[in-house]
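Subject: Structure handover

Hello,

The sequence and structure are below, followed by notes on what was found. Please read the notes with the coordinates open.

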Amino acid sequence: MTEPGPELSVRPMRLSDLPEVMETDRRSLPKPWSEEIWREELCSPFGLYKVLEESGALSGHVGLKLIFDEAHVMTLAVRPKRRRRGFAQALVEAALTDPASAGVGRVYLEVRPSNLAARALYGSLGFTETGVRPRYYGDEDALLMSLDLAKSRR
């Protein structure tokens, strides 16, 4: 994994980041969020959204929804030309070690079965497949994955 260094930093997402974040989504996701959804998420008291900044440009982002002792990975994307450098792992780890995530015991996410790279990433972070959400994406089921942070923090 590439650790954020002098040219790399993970920081909270700002509304002013939305044009770059939405461009990353357009290049990365089959069904990117609208600006309205992004604005709602960034204003939510339950949201934790971070970006990875690389030499002044945004290379990726992650978003969690924090509710009581659970977190749900809402989004994770890295610009296509910046992939395979550990950025997605750094983003997830930064979100899960953020002080806002301190009380989280379990993390959930959905992933397309066809997204083998994402499944491998989540598996390497300790997530396990725990179920299926039929037709979650409309054109494809979702694999439900979870991570027991209480176990992994011991």
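**Salt bridges**

Asp98 forms a salt bridge with Lys50, with 2.9 Å between the closest N and O atoms; a salt bridge here is a side-chain nitrogen of Lys or Arg within 4 Å of a carboxyl oxygen of Asp or Glu. Asp98 sits in the loop between α3 and β5 and Lys50 in strand β2, so the pair ties together parts that are 48 residues apart in sequence. Helices (H or I, at least four residues) and strands (E, at least two) are DSSP runs, numbered from the N terminus. Both Asp98 and Lys50 are buried, where buried means under 20% relative accessible area, exposed over 50%, and partly exposed in between (1.4 Å probe, protein chains only).

This is a predicted model, in which local features need pLDDT of at least 70 and side-chain atom pairs count only at pLDDT 80 or more, while totals for chains, interfaces and linings use all residues. Residues are numbered from 1 along each chain as its sequence is written, and side-chain values use heavy atoms, with hydrogens and water left out.

The count comes to 13 salt bridges. Another one joins the side chains of Arg112 and Asp139 (3.0 Å, N to O). Arg112 lies in the loop between β5 and α4 and Asp139 in the loop between β6 and β7, so this pair ties together parts 27 residues apart in sequence. Arg112 is buried, at 12% relative accessible area, whereas Asp139 is exposed, at 56%.

Glu129 also forms a salt bridge with Arg119, the closest N and O atoms being 3.0 Å apart. Glu129 is in strand β6 and Arg119 in helix α4, 10 residues apart. Glu129 is partly exposed at 44% relative accessibility, and Arg119 is partly exposed at 25%.

**Cores and helix α3**

The largest nonpolar core has 30 residues, and those with the most contacts inside it are Leu64, Leu76, Val107, Tyr122 and Phe127. Such a core is a set of buried Ala, Val, Leu, Ile, Met, Phe, Trp, Tyr and Cys residues joined through side-chain atoms within 4.5 Å. Helix α3 gives the most to this core, with 7 residues. Apart from it lies another core, of 8 residues, among them Met13, Val21, Trp38 and Leu58.

Of the 11 residues of α3 (residues 87–97), 8 are buried, so the helix is largely enclosed by the rest of the structure. The buried residues include Phe87, Leu91 and Leu96.

Leaving out residues up to four places away in sequence, Leu76 touches Leu29, His61, Val62, Ala88, Leu91, Val92, Leu121 and Tyr122; contact means heavy atoms within 4.5 Å.

**Ser59**

Ser59 is in strand β3 and is buried, at 3% relative accessibility. With neighbours within four places in sequence set aside, the contacts of Ser59 include Leu52, Ala77, Arg82 and Phe87.

**Backbone**

Most residues other than glycine have a negative phi. Arg84, in the loop between β4 and α3, has a positive phi of about 65 degrees. Arg84 is exposed, with a relative accessible area of 81%. Arg135, in the loop between β6 and β7, has a positive phi near 50 degrees. Arg135 is exposed as well, at 59%.

Regards
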